[in-house]
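Dear colleague,

I am handing over the structure below, and my notes on what was found in it follow. Please read them with the sequence and the structure side by side.

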Amino acid sequence: MTNEQEYIDALKEIRSIMQRSTRFISLSGLSGIAAGIYALAGTYFAYRLLYENDGSISDGGLMHPGGQVIRPLVFIAASVLILTLATGTWLSYLKAKREGKVFWGQGSMQFLVGVSIPLLAGGIFAIMLMLQGYYGMIVPAFLVFYGLALVHGGRYTVTDIQWPGYVEIILGLVCAIFPENGLLFWALGFGLLHIIYGIIMSLKYGL
Amino acid sequence: MKEIYARLNKVFESRVRLGIMSALVVNTAMDFKALKDLLDLTDGNLASSLKVLEREGYVNEKKQFIGKKPNTRYSCTASGRKAFSDHLDVLEKLINMKK
């Protein structure tokens with residue numbers, strides 16, 4: 001009869017191996033909070049650039065940005081993206097090390113490929129929108145594609161990243177109806193949502 | 001009761017072999033290094049366990065080259081998948097019976 005515990009342990013171990021081998025489970029919640037803060041900071045700078053441009057004639061807001069604000073805007077977005085990726089990788093690496101887990105395994109590779117496809121497609125699509133002058137649709141496109149990346153990536157990491165994914169998709173679609181409020185949706189989707197998500201994840205899985 | 005015990009697959013009595021199968025049923029294929037890191041095993045231990053599983057026809061070995069480096073990938077065969085899932089069913093039955 002002592003075997004009972006043995007079988008239960010065996011099943012637990014099987015389950016754990018299946019999880020560890022297919023899923024990247026070291027995603028740090030703290031990096032979500034950091035991503036949200038970077039995004040809010042970026043939104044703040046973008047807002048100042050677009051709407052407090054000393055009343056210059058190029059000041060048409062998000063819908064018709066003047067030629068000279070596009071470059072700084074792209075620069076802000078790229079900085080936020082790079083900072084977010086770097087912080088996320090670094091914090092997740094520390095988390096994996098602290099918990100004695102493998103950081104760069106089959107799971108993390110599948111996760112990376114899984115999120116990269118929708119993100120790359122979305123990024124290129126956004127560039128096309130910009131080149132064609134559909135400025136108002138850039139933010140909705142980012143939100144929708146990012147949401148799709150999260151939903152898809154959730155298959156390769158903790159499934160908890162799927163619900164913010166659905167929220168991002170909905171935010172993006174609603175934003176497409178009100179494109180003039182793009183910055184607000186941007187702040188909600190990339191700022192606030194990341195911070196809420198990060199706090200929940202930190203409480204659930206530790207920093 | 002005894003009959004159920006007899007249905008436990010002897011090949012999976014080893015924790016290491018059970019671990020290898022657990023990883024291979026959920027992944028299309030894994031190479032030696034990935035399995036080793038995942039299960040935290042020595043080269044020798046993993047190699048000999050893989051041999052046993054291969055001999056049973058549960059695991060497939062595929063040698064290939066990535067650039068110039070040889071790379072061996074392992075995957076689970078259909079009969080391996082069946083044997084593993086049967087084994088899990090028996091484990092489950094045994095646990096439920098004792099509740």
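**Two crossing helices in chain B**

In this predicted model, helix α2 (residues 15–26) of chain B and helix α4 (residues 43–55) of chain B have axes that come within 10 Å and cross at roughly 75°. Because angles of 65 to 115 degrees count as roughly perpendicular, α2(B) and α4(B) are described as roughly perpendicular to each other. On the side of α2(B), the contact is made by Val16(B), Arg17(B) and Ile20(B), while α4(B) contributes Asn45(B), Ser49(B), Leu50(B), Val52(B) and Leu53(B).

**A loop residue in chain A**

Turning to chain A, Asp160(A) is found in the loop that lies between α5 (138–153) and α6 of that chain. Asp160(A) has 16 C-beta neighbours inside 10 Å and therefore counts as partly exposed, since a residue is buried at 20 or more and exposed at 12 or fewer. Although Asp160(A) and Met201(A) are 41 residues apart along the chain, a separation of 8.0 Å is found between their C-alpha atoms.

**Confidence in chain A**

The mean pLDDT of chain A is 84, with 89% of its residues reaching 70 or more. Within chain A, confidence is highest in helix α6 (residues 162–177), at a mean of 95, and lowest in helix α1 (residues 3–22), at 79. Please also note residues 55–59 of chain A, over which pLDDT stays under 50 and for which the model has seven contacts beyond four places in sequence.

With kind regards

Conventions:
Residues are numbered from 1 along each chain as its sequence is written. Chains are lettered from A and ligands numbered from 1 in the order in which they are written. This is a predicted model: local features need pLDDT of at least 70, side-chain atom pairs count only at pLDDT 80 or more; totals for chains, interfaces and linings use all residues. pLDDT is the predictor's confidence in each residue, from 0 to 100. Helices (H or I, at least four residues) and strands (E, at least two) are DSSP runs, numbered from the N terminus. Two residues are in contact if their C-beta atoms, placed from the backbone, lie within 7 Å. Axes are lines fitted to C-alpha atoms, for helices over the stretch in contact, and angles run from 0 to 180 degrees between N-to-C directions. Angles under 35 degrees count as roughly parallel, over 145 as roughly antiparallel, 65 to 115 as roughly perpendicular and the rest as oblique.
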